[in-house]
Each structure stands twice: as structure tokens, then as C-alpha cells.
Amino acid sequence: RRSFAFFAIVAALTIVAAVVGWTVVRHNPADAYALLPADVIPPEIKRSLHDSNFAVSAVDAPAMAAFIITNNVKVAFLEFGGCVTLGLSTLYVTIFNGTMIGGVAALFANHGFGTDFWETVAPHGFIELTAFTIAGAAGLIVTAGILYPGRMRRRDAIRINAQRAGVLITGVASMLLVAGTIEGFISPRRLPGDVRLTFGLITACLLVLYFGFAGRRERSAAPPPS
């Protein structure tokens, strides 16, 4: 909560990039090849994302979950590590992730599978995207210590901000462990779209409750006036 301003900056950039990616690819699908990496563009979309990319057996689920967790942690630490470039890499990864999400979503929407795309991403997506946003915020916090130390010595500002960011990035790793487990074991299951979407909305509500209220100290009631 104390870092909400940094979180809001990264979240806003992600949303704007996603909207741009969506709009561009929705109106001209060929632009996806200029906007997105080739490895995330499906060669041919004849089935929904859930039917084409998530046929994972129970035997393969642990390996898939481990792979997803490892990859997501790498992305998060890359976003956080952008502080060594004075935040430039953090902003780049943030914009790249947002553009990719919006662009790929538009590709499936163009073929009539837009709703399924979000239903497939929903179970793990709220936790995963929130974790990436926090990782970016942590990177900007360290960057702020470098660029704007205020009245403190720069090394003291960096140390204090790095400790603050370290707490956040530790939480990010835990969140990605949960998100990867959901993506490996729950998202691939042949569940109705409404069930997948509801599961995701429940995780979103739990995130809001946790980050909004966890750790708050109850204020004692004021004594009655004498």
C-alpha cells in the first residue's frame, strides 16, 4: 500500500499498452507480425486457446507448472532488475507485456474466440499480472532511490529503497508460485468458461482483500468525552 503510486504507474502503462496492442491488431491483424514476437503468434487459429494450447494431462501438469513458474519468475526479475538501467528496462518489459497480452487477445477475438481467451487466462491471470506489476513497481522504487535520493545520501536512499523493494519481490515470487500452479493444474481442465471466469474473479477479490486490508492495525475506539 505504501508503494501504491509506483504500482499505479506500472499498472497504467500495462493497461495502455494492452489497449494499443488490442486496437492495432483488432483493426489490422497483419500488424501483429510487426508488433508481437513471432513465437507468440499462433500460425493458424481454428480453435479456441483453451482447446488448442491447454490439452495438458494430469501426468504432464507438474512439469508444465514448474516450467511456467520458472519462466514467470525470470520475467518478473527481469522487470525488477531494470532498476540497473535507471528503470528503462522495467518500462520496456512492462510495455512489452501489455502489448503482447492485448495483441494476442485481439488475434483470438478476430477469429471469434475472444471470450474464451479471457476465460482461459482468468484462473491464473489476475495473480500473475498483479505479480508482474508489483515486480515493475519494485524496480521503479530502487530507481527512485538512485535518481531522487532527496535529503539522504544516495547510497542510503538506494539501500532503504532496495530493502523495501526486496520485500515486494519476495512476495512476487510467492504469487508466481501460486499462479503457475493454477495454470498447470486448474487452467487446462475442461471446465465450463463460466467456472473458469468465476474462479479468476474469486482470486481477484482475494487479492483486493489481502492487499487492501492485511496487516492493518485496528484502531482503538476514542475515549468518550468527559
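**Charged residues and their partners**

Guide: At 18% relative accessibility, D156 counts as buried, because buried means under 20%; please keep in mind that this is a predicted model.

Visitor: What makes D156 and R153 a salt bridge?

Guide: The closest N and O atoms of D156 and R153 are 3.0 Å apart, and the rule asks for a side-chain nitrogen of Lys or Arg within 4 Å of a carboxyl oxygen of Asp or Glu, so the pair is called a salt bridge.

Visitor: How do you know that D156 and R159 meet in a salt bridge?

Guide: Their N to O distance is 3.9 Å, and the cut-off is 4 Å; both residues lie in helix α7, 3 residues apart, about one turn of the helix. Salt bridges that share partners join R153, D156 and R159 into one network.

Visitor: What does the salt bridge of D116 and R196 tie together?

Guide: The closest N and O atoms of D116 and R196 are 3.6 Å apart; D116 lies in helix α6 and R196 in helix α8, so the pair ties together parts that are 80 residues apart in sequence.

Visitor: Why does R164 have no salt bridge?

Guide: The nearest side chain of opposite charge, D156, is 15 Å away from the buried R164, whereas a salt bridge has to fall within 4 Å, so none is counted. The side chain of R164 does reach the backbone oxygen of R2 at 3.1 Å.

Key
Residues are numbered from 1 along each chain as its sequence is written. This is a predicted model: local features need pLDDT of at least 70, side-chain atom pairs count only at pLDDT 80 or more; totals for chains, interfaces and linings use all residues. Side-chain values use heavy atoms; hydrogens and water are left out. Buried means under 20% relative accessible area, exposed over 50%, partly exposed in between (1.4 Å probe, protein chains only). Lys and Arg count as positive and Asp and Glu as negative; His and the chain ends are not counted. A polar contact is a pair of N or O atoms within 3.5 Å; within protein, one must be able to donate a hydrogen and the other to accept it, and residues adjacent in sequence count only if both atoms are side-chain atoms. Helices (H or I, at least four residues) and strands (E, at least two) are DSSP runs, numbered from the N terminus.
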